[in-house]
Amino acid sequence: MGTFERELATGSGRWDTAMARLWGFQTSEPTPTFEQILAMIVPEDRASVSAAMEHTTTVDQSVEFEYRIRRGDGKLAVLNTRGRVERNEEGTPIRIVGATVDVTASREAQLRLREFNEWMQLSSQATGVGF
């Protein structure tokens, strides 16, 4: 699990070392901008991630969202992020803080299980033998 924070006024961000590793960055590299992050998110997920980040600034609760990224080494990863906004005394959103978990292995296992169940169902129908 990696943690992050992003200042809304400046766009500057801070990641811990675990977050950098999740995204495939060296821990010595500067924290990427939101635009650099969006570029790593698969195109089909970009709009929903942008909408989730925007939604985070309008509510007073955590927002959770899942999306796929393409790491620098070309590997696809599925990440789950939960973030919340921090506000100043006037109630203006000033930063987003949160945590991200790599759920790639879990999603791959779920897909394999679904495929296996479908195969078993087809086998049962084809042979008349229940499993």
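Mentor: Strands are DSSP runs of E with at least two residues, helices are runs of H or I with at least four, and both are numbered from the N terminus; two strands pair if DSSP finds at least two bridges between them. This is a predicted model, where local features need pLDDT of at least 70, side-chain atom pairs need 80 or more, and totals for chains, interfaces and linings use all residues. Residues count from 1 along each chain as its sequence is written, and side-chain values use heavy atoms, without hydrogens and water.

Trainee: Which residue in strand 5 stands opposite L79?

Mentor: Start with strand 4, residues 76-87, which runs antiparallel to strand 5 and is joined to it by nine bridges. The two form a hairpin with five residues between them, and G91 in that turn has a positive phi of about 90°. Across from L79 you will find D102.

Trainee: How many bridges join strand 1 to strand 5?

Mentor: Look at residues 2-7 for strand 1 and 93-102 for strand 5; they run antiparallel. E5, for example, faces V97 in strand 5. The bridges joining strand 1 to strand 5 number six.

Trainee: What is the angle between the planes of W15 and F25?

Mentor: Aromatic rings (Phe, Tyr and the six-membered ring of Trp) pair with centres within 6.5 Å; planes under 30 degrees apart are stacked, over 60 edge-to-face, the rest tilted. The count is four aromatic pairs. W15 and F25 make an edge-to-face one, 5.8 Å centre to centre. The angle between their planes is 70°.

Trainee: How far apart in sequence are the parts that this pair ties together?

Mentor: W15 lies in strand 2 (residues 13-15), while F25 sits in the loop between helix 1 (17-23) and helix 2 (34-40). The pair therefore ties together parts whose separation in sequence is ten residues.
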